[in-house]
Amino acid sequence: MIKKGIFYTSILLVVAFISSGFKPYNAQISDNLSVDSSEELSYVFPSQNTIDYVSLKIPYTGKYFIGFKEALAHKESQGKYKKINTLGYLGKYQFGKETLKSIGINDSVHFMNSPKLQEKAFVTLLSKNKYELQDYIRNFEGKVVAGIKITESGILAAAHLGGAGSVKRFFNSNGERRIKDEYGTSIRSYIKDFGGFETAGILAVKNAKVK
């Protein structure tokens, strides 16, 4: 009887010893990595000033929309929200003042000081250009013009560079017109360089305005 009691006591002691090595793990989200509930699809970096991260390298963007906008921003301004070029184009995506007015932004100073507004402006202009160029997207997407396979994202990038009218002239001439901006960058190069990105989520909106 005593031996049996010693046996069971030993088992209990072994179980207690093993169990003591396992402590409950409290999973906590770092205060430096949190989702701002007031902003959809945006992240709060360790610094509250997101301008500090204009040169942040975002990996694995690939051909998704974020890859499209960041690649275009790098081409336009190296991704700098405060960039003003020698011709007076503004911000991360290099907007002209008249283009800003066309999408409902009249305060260029506020625009330059608001990364959030600049991002909204970019998407709004895409929507406006997609509406104006929807027939060209439908008629030319997937075809080869001037040696370039045409995609929706390439068309929208070219429209951002030179306006929807320049893109129309390019296609109306079957790619023979060499249309360039003031720095010599061609519509053709944007159609090629920014082709194949995911832009299906951009809605075509007539006279789109920033809200």
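Figure 1. K80 is partly exposed, with a relative accessible area of 41%; buried means under 20% relative accessible area, exposed over 50%, and partly exposed in between (1.4 Å probe, protein chains only). K80 lies in the loop between α2 and α3 (97–102), where helices (H or I, at least four residues) and strands (E, at least two) are DSSP runs, numbered from the N terminus. In sequence K80 and K92 are 12 residues apart, and in space 4.9 Å apart, C-alpha to C-alpha. This is a predicted model, in which local features need pLDDT of at least 70 and side-chain atom pairs count only at pLDDT 80 or more, while totals for chains, interfaces and linings use all residues. Residues are numbered from 1 along each chain as its sequence is written, and side-chain values use heavy atoms, with hydrogens and water left out.

**Figure 2. K69, a lysine of helix α2****.** K69 is buried, with a relative accessible area of 15%. The side chain of K69 makes a polar contact with the side chain of E119, at 3.3 Å. A polar contact is a pair of N or O atoms within 3.5 Å; within protein, one must be able to donate a hydrogen and the other to accept it, and residues adjacent in sequence count only if both atoms are side-chain atoms. Apart from neighbours within four places in sequence, K69 is in contact (heavy atoms within 4.5 Å) with K92, Y93, E119 and F122.

**Figure 3. Aromatic pairs of Y136, F170 and F171****.** The whole structure holds 11 aromatic pairs. Rings of Phe, Tyr and Trp (its six-membered ring) pair if their centres lie within 6.5 Å; planes under 30 degrees apart count as stacked, over 60 as edge-to-face and the rest as tilted. The ring centres of Y136 and F171 are 6.3 Å apart and their planes are at 35°, so this pair is tilted. The pair links distant parts of the chain, as Y136 in helix α6 (residues 134–140) and F171 in helix α8 (residues 164–172) are 35 residues apart. F170 and F171 form an edge-to-face pair, with 5.2 Å centre to centre and 80° between the planes. Y136 is buried, at a relative accessible area of 16%, and F171 is buried as well, at 3%.

Figure 4. Ring pairs join F65, F68, Y93, F122 and F197 into a cluster. K63 lies over the face of F197, at 4.1 Å from the ring centre; a charge sits over a ring if NZ of Lys or CZ of Arg is within 6 Å of the ring centre and within 35 degrees of the ring normal.

**Figure 5. The largest nonpolar core****.** A nonpolar core is a set of buried Ala, Val, Leu, Ile, Met, Phe, Trp, Tyr and Cys residues joined through side-chain atoms within 4.5 Å. The largest one has 41 residues, and those with the most contacts inside it include F68, F171 and I191. Helix α7 gives the most to this core, with six residues. Leaving aside neighbours within four places in sequence, I191 is in contact with I148, I150, G154, A158, F170 and F171. In soluble globular proteins, nonpolar side chains tend to be buried together.
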